[in-house]
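I opened a new notebook page for this protein. My plan is to look at the whole fold, then at one residue.

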Amino acid sequence: MAVTEISISGPTLELSSEHEMIQQVAREFAQNEIVPIAAEHDESGEFPIETVRKMGEMGFMGIEIPEQYGGAGLDALSYVLALTEISKADASHGTIMSVNNSLYCNAIDRFGTERQKGKFLVPVASGKAIGAYSLTEPMSGSDAGTMRSRAVLDGDSYVINGRKSWVSSGPVAKSILLFTMTDPEKRHHGVTAFLIETDQPGFSLGKTEPKLGIRASATCEILFEDYRCPVDNRLGEEGQGFMIAMQVLDAGRIGIASQALGIAQAAYLASLEYARKREAFGRKIGEFQGISFKLADMKTRIEASRLLTYQAALAKQSSKATGKRYTLQASMAKLFASETASYCASEAVQIHGGMGYSKELPVERYYRDAKITEIYEGTSEIQRIVIARHELGLH
Ligand code: COS
């Protein structure tokens with residue numbers, strides 16, 4: 001299905017009927033399949049393998065990847081719409097979907113050889129296996145060009161050693177897109193990308209990261225001890241890794257904006273319903289200005305986030321033909337949508353009062369889940385640096 005634009009009809013921006021259909025299909029799936037299990041998986045921290053498998057069958061794990069490589073062949077806006085609906089039901093599923101699509105599949109689709117696409121993209125885009133992305137290290141987060149892990153060329157393979165942290169889907173991934181140093185002297189120009197098979201000797205899982213939110217998405221450290229990666233599994237050229245990591249993060253940040261939008265919408269809808277039915281002092285609480293103004297601010301920020309995120313998706317879509325970067329649009333969408341998610345989730349707890357703090361409702365989960373969207377794939381501070389540098393012409 002070729003859907004590339006938001007159609008403008010009447011006085012408002014409206015989705016095309018194809019996009020509406022994709023949104024509807026994702027919404028029904030998310031509400032029927034994910035909502036009923038979300039609280040249980042949040043509590044146990046167990047990876048929701050069954051629903052993720054179903055998401056693969058629905059085509060949600062490789063939405064923008066061409067059908068010949070196992071994907072659904074849809075456009076960037078379709079991805080945003082589906083991911084928002086999944087995240088509205090449960091942000092953990094949103095993380096799993098986002099990493100698989102925007103960080104792993106997108107990178108191989110863009111930079112991979114035909115052989116790499118056949119081996120590493122098809123199984124993951126089709127949802128039969130899970131992919132992950134590994135840039136961060138214990139001493140290298142925002143300053144991503146300073147990593148300590150190393151890959152040294154030895155014959156027809158690289159020998160990789162080091163420790164990477166905060167790998168979303170790391171414990172369940174069949175393959176991982178890894179960024180490591182091949183030439184530390186060159187700093188970010190010495191970073192190279194590799195496709196790692198997790199069932200090979202020299203690869204092991206480290207500690208599981210204990211987390212405040214997105215608890216059903218598995219996150220861990222990964223360890224390399226003389227892991228041999230064939231030269232054929234290097235993604236792009238030596239020294240191209242940092243540029244690949246950054247370009248892929250541009251796509252990833254639209255994914256996180258969509259996830260944040262979903263969390264914000266869930267928090268808002270719960271608050272709206274509660275404000276309509278909960279009574280205090282003989283009136284529905286929505287009739288008090290203290291509550292209704294909160295709802296008005298939530299709604300307005302959500303709409304602004306939605307438009308920024310759709311705009312970023314359209315910029316990403318057109319970049320597929322023009323090659324033009326959409327870094328600015330992606331960073332603005334992520335910055336605003338993630339801060340909106342935290343704002344809305346916090347206000348939702350406040351509107352619900354004691355019930356907002358209780359585990360009987362999902363509102364406290366939205367509050368815990370929202371925070372990560374301001375941190376991973378570039379903190380809000382990093383997004384402000386990216387946006388300001390762009391505007392000041394400081395590249
Ligand atoms: N697309 C393509 N290339 C990019 C790029 C992008 N979005 N962003 C930066 N680059 C390129 C630059 O053009 C530059 O290339 P040259 O040296 O060839 O000119 C190179 O990358 C280095 O860029 P820069 O000098 O801006 O690098 P900095 O070290 O100052 O870092 C930030 C830039 C801070 C923006 C980057 O390190 C960053 O995004 N950090 C956050 C990392 C992150 O999101 N981590 C979370 C991982 S997933 S949980």
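**Notebook: whole fold, then one residue**

I began with contacts. Of the contacts in the protein with a separation of 6 or more, 72% are between residues 24 or more positions apart. I note that this is a predicted model.

Next I looked up the secondary structure. I found 11 helices and 12 strands in the protein. The radius of gyration is 21 Å, close to the 21 Å from the globule rule for 395 residues, so the protein is as compact as a globular protein of that length. I also took the spans of the C-alpha trace along the principal axes, which are about 80 × 45 × 45 Å.

Then I turned to burial and surface. Buried residues are 56% of the 395 in the protein.

The protein has 42 positive and 49 negative charges. Their mean positions lie 3 Å apart.

My last entry is on Glu 221. I located Glu 221 in strand 9, which covers residues 219-230. Is Glu 221 buried or exposed? Its relative accessible area is 8%. The cut-off for buried is under 20%, so Glu 221 counts as buried.

What does the side chain of Glu 221 join in a polar contact? I found the side chain of Arg 163, at 2.9 Å. I then listed contacts of Glu 221, leaving aside neighbours within four places in sequence. Arg 163 is among them, along with Lys 164 and Ser 165. Glu 221 also contacts Pro 138, Leu 205, Gly 206, Lys 207 and Glu 209.

Conventions
Residues are numbered from 1 along each chain as its sequence is written. This is a predicted model: local features need pLDDT of at least 70, side-chain atom pairs count only at pLDDT 80 or more; totals for chains, interfaces and linings use all residues. Side-chain values use heavy atoms; hydrogens and water are left out. Helices (H or I, at least four residues) and strands (E, at least two) are DSSP runs, numbered from the N terminus. The radius of gyration is taken over C-alpha atoms; the globule rule is 2.2 Å times the number of residues to the power 0.38. Buried means under 20% relative accessible area, exposed over 50%, partly exposed in between (1.4 Å probe, protein chains only). Contact means heavy atoms within 4.5 Å. Lys and Arg count as positive and Asp and Glu as negative; His and the chain ends are not counted. The place of a charge is taken as NZ of Lys, CZ of Arg, CG of Asp or CD of Glu. A polar contact is a pair of N or O atoms within 3.5 Å; within protein, one must be able to donate a hydrogen and the other to accept it, and residues adjacent in sequence count only if both atoms are side-chain atoms.
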